[in-house]
Structure formats: C-alpha cells, structure tokens
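The questions below go through the packing inside one protein chain. Each answer is worked out from the atoms of the structure shown here.

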Amino acid sequence: MSATSEVPAGFRNAAGEGGFVRLVAAGFNDIRTRQRLVRYLVQADVRRRGADTLLGNIWWVLDPLLQMVVYVVFLTIVVRRPLPEYPLFIFAAILPWKWFAASITDATTSIVRQGELIKQIQFPKIVLPVAATTAGVVSFGFGVIALFLLMFFYPDRISIYLLFIPVIAVVQFVFTLACSLLVAAGNVFFRDLGNVVGHVLRLWWFLSPGLYSLAALDELHIFQANPWLLTLVNLNPFAILFTAYRTVIYGTETSFPGPPNMQALAALLVASLVLMTLTTFVFKRLEPNFAKVV
C-alpha cells in the first residue's frame with residue numbers, strides 16, 4: 001500500500017481556495033465578526049467543564065495544589081534537593097502548564113465534538129478552537145485563587161510584580177491559541193492525534209523547567225560540555241514563560257520577585273503571532289472539508 005493511500009482521503013483533498021494572505025485575513029475576520037458566537041461557545045464550554053459550578057471552581061483551586069504536594073514530596077523526600085520555598089517555586093510552573101495542557105486537550109476535539117452541528121449549520125469553524133482556548137482563561141483565573149492562597153504562607157514573596165501575571169498570561173494565550181488551531185484542524189483528519197497530543201504534552205512538561213530551574217542545568221556536565229543544548233532549552237516557549245512567572249511570583253534562589261524579562265516575552269509574542277498566522281492559514285485551507293470528514 002502506498003504512503004499516499006494511508007493518508008485520509010479528506011485530508012489529501014482538503015484545499016481551501018485562495019492565497020495565503022486572503023485565507024489568513026478571512027480567519028481573523030471570522031473571529032472578529034463572530035464575537036457573540038464565541039462568547040456563547042465559551043459559556044457552553046465553561047459549563048461543560050463544570051467551571052461555572054461550585055465544585056468545578058473548587059477543583060481548579062485544589063488540583064494544582066494537589067499536584068504541587070505530589071512533586072514536593074517526591075523531590076524533597078526522594079531526591080532530597082529542594083530549593084528554598086520550593087512549593088511556591090513549582091506552583092508558579094504548574095498553574096500555567098495546567099492551563100496550557102487543558103486548553104490544548106479541549107481544542108484538539110473541539111471540531112470533532114461538534115460534528116452534528118457542523119453538518120447542519122454553516123458557520124466559521126475557527127470559532128470552535130478559539131472558544132475552547134478562551135474558556136481555559138476562566139479556569140486559569142480560578143487557579144490564580146489557589147496561587148494567592150499559597151502566597152499567604154510566603155508573605156515575603158508578595159510584591160507589586162504580581163501585577164505582571166496578566167501580561168505574561170496574554171503572551172501565553174496567543175501561543176496557546178496558535179497551537180490550538182493546528183491540533184483542532186489536524187484531529188479532524190487524524191483521529192489518533194488526541195492520543196499523540198497527550199504523550200507530547202507529558203514529554204513537553206518534563207523537558208521544560210517546571211520541576212527545576214534553568215540555573216540548575218548550568219551545573220550539569222552534559223550542558224557544560226554541550227552549550228548548544230542550553231541554547232536549545234532556552235528556545236522552549238515554556239522556558240521563557242515559566243521563568244517569567246517565577247520571576248514575578250517567586251524570584252530566584254538568591255533574590256526576591258522582580259520584573260520579568262520583557263524582551264524575551266516580546267520575542268515570544270512576535271513568534272506566537274507568526275505561528276498563529278501560519279496555523280490560521282492551515283486551518284482555513286482545510287476548513288472546507290471538515291463537514292465531509294466529521
């Protein structure tokens with residue numbers, strides 16, 4: 001069997017008409033002109049997740065705290081190399097990662113989940129992953145409550161720099177949305193993509209400086225012998241995001257919280273906008289065949 005025949009026919013034939021600029025402009029215009037639909041879908045997605053109920057809200061407060069406890073116990077008892085005030089250090093990474101992972105997971109199935117609606121009603125499908133990703137912002141907001149509760153145990157870390165959290169979150173949202181558009185469109189044609197995404201997210205978390213700091217890598221022989229590896233690690237978007245969140249929430253091992261690296265955040269924002277432009281083009285290119293495949 002040829003390699004071509006192994007690819008779903010709908011994917012091979014998916015080719016929306018129009019050039020790059022026209023399709024990207026159409027995608028952005030769909031989002032801008034369908035804001036009421038996006039708001040409705042966000043509300044529906046929030047209800048589906050249970051985030052508009054008391055138990056749903058409490059879970060978004062408790063779950064990152066429970067994850068923090070598991071990692072703290074493992075690294076302080078088993079590994080026995082804890083950083084000062086390690087619970088706050090690790091929570092500053094767990095919270096944004098939980099937001100990203102949940103948003104990508106929901107966006108992956110956002111189109112397939114609405115298969116019947118897509119077949120019956122004509123509307124821009126791009127609003128579905130946009131709504132799924134935007135709904136994650138609501139959950140992240142409740143997760144921030146858990147952060148503030150935790151910070152009461154570390155009053156010396158409370159500072160005015162916490163006001164930078166929304167700024168960092170905006171950069172993360174743009175990056176997440178760019179990724180969401182790609183996985184949402186891909187999952188229509190490759191239904192196993194959801195399983196692949198789960199494994200990729202798990203590997204991505206452990207390859208990102210969530211359980212450790214970038215400074216800790218400088219002490220490892222493999223990074224000292226191969227400086228390019230450290231450069232590669234620093235190119236990880238979540239190396240930039242985790243460092244930014246930690247800088248304003250935790251600080252470092254030797255200093256208290258301060259302003260994030262705005263130059264690194266600006267570079268990531270520009271890269272995310274470029275990525276979103278490309279994934280919007282891919283999405284609009286494949287969109288005409290969604291109704292035939294789902």
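Q: Leaving aside neighbours within four places in sequence, which residues is Thr-176 in contact with?
A: The model is predicted. Thr-176 lies in helix H9. With neighbours within four places in sequence set aside, its contacts are Phe-100, Ser-103, Ile-104 and Thr-133.

Q: Is Thr-176 buried or exposed?
A: Buried means under 20% relative accessible area. Thr-176 has a relative accessible area of 1%, so this residue is buried.

Q: How far apart are the C-alpha atoms of Ile-90 and Phe-242?
A: Ile-90 is in helix H6. With a relative accessible area of 0%, Ile-90 is buried. Ile-90 and Phe-242 are 152 residues apart along the chain, and the separation of their C-alpha atoms is 9.5 Å.

Q: Which class do the residues lining the largest cavity belong to: nonpolar, polar or charged?
A: The structure holds one cavity of 30 Å³ or more, and the space in the largest cavity is about 50 Å³. Its lining is made up of Phe-91, Ala-92, Leu-95, Pro-96, Phe-140, Val-144, Leu-147, Ile-165, Tyr-245 and Ile-249. No polar and no charged residues are found in this lining, and ten are nonpolar.

Q: Which helix gives the most to the lining of the largest cavity?
A: H6, H8 and H14 each supply at least two residues of this lining. The most, four residues, come from H6.

Q: Which residues are closest to the centre of the second largest pocket?
A: This pocket holds about 280 Å³ of space. Of the 18 residues that line the second largest pocket, the closest to its centre are Ile-104, Cys-179, Leu-182, Val-183 and Val-197.

Q: Which helix supplies the largest share of the lining of the second largest pocket?
A: At least two residues of the lining come from each of H6 (86–108), H9 (165–189), H10 (193–207) and H15 (262–286). By class, the lining has 16 nonpolar, two polar and no charged residues. The largest share is six residues, from H10.

Q: Why is the pair of Phe-175 and Trp-204 edge-to-face?
A: The search of the whole structure finds 19 aromatic pairs. In the pair of Phe-175 and Trp-204, the ring centres are 6.1 Å apart. Planes over 60 degrees apart count as edge-to-face. The planes of these two rings are at 85°, so the pair is edge-to-face.

Q: Is Trp-204 buried or partly exposed?
A: Phe-175 in helix H9 and Trp-204 in helix H10 are 29 residues apart, and the pair links distant parts of the chain. Phe-175 is buried, with a relative accessible area of 6%. Trp-204 has a relative accessible area of 21%, so this residue is partly exposed.

Q: What are the pair of Phe-189 and Phe-290, by the angle of their planes?
A: Phe-189 lies in helix H9 and Phe-290 in helix H16 (residues 290–293), 101 residues apart in sequence. Phe-189, at 5% relative accessibility, counts as buried, as does Phe-290 at 0%. Their ring centres are 6.0 Å apart and their planes are at 50°, so the pair is tilted.

Q: Which residues form one aromatic cluster?
A: Phe-175 and Trp-204 are both in this cluster.

Terms used:
Residues numbered from 1 in each chain as written. Predicted model: local features only at pLDDT ≥ 70, side-chain atom pairs only at ≥ 80, totals over all residues. Heavy atoms only, no water. 1 Å grid on protein atoms, 1.4 Å probe; cavity = no way out; pocket = protein on both sides within 12 Å on 5 of 7 lines; lining within 4 Å. Points joined across faces, edges and corners; volume = space filled by probe spheres on them. Nonpolar A, V, L, I, M, F, W, Y, C, P; charged D, E, K, R; others polar. Phe/Tyr/Trp six-rings, centres within 6.5 Å; stacked < 30°, edge-to-face > 60°. Buried < 20%, exposed > 50% of the residue type's maximum accessible area, 1.4 Å probe, protein only. Contact = heavy atoms within 4.5 Å.
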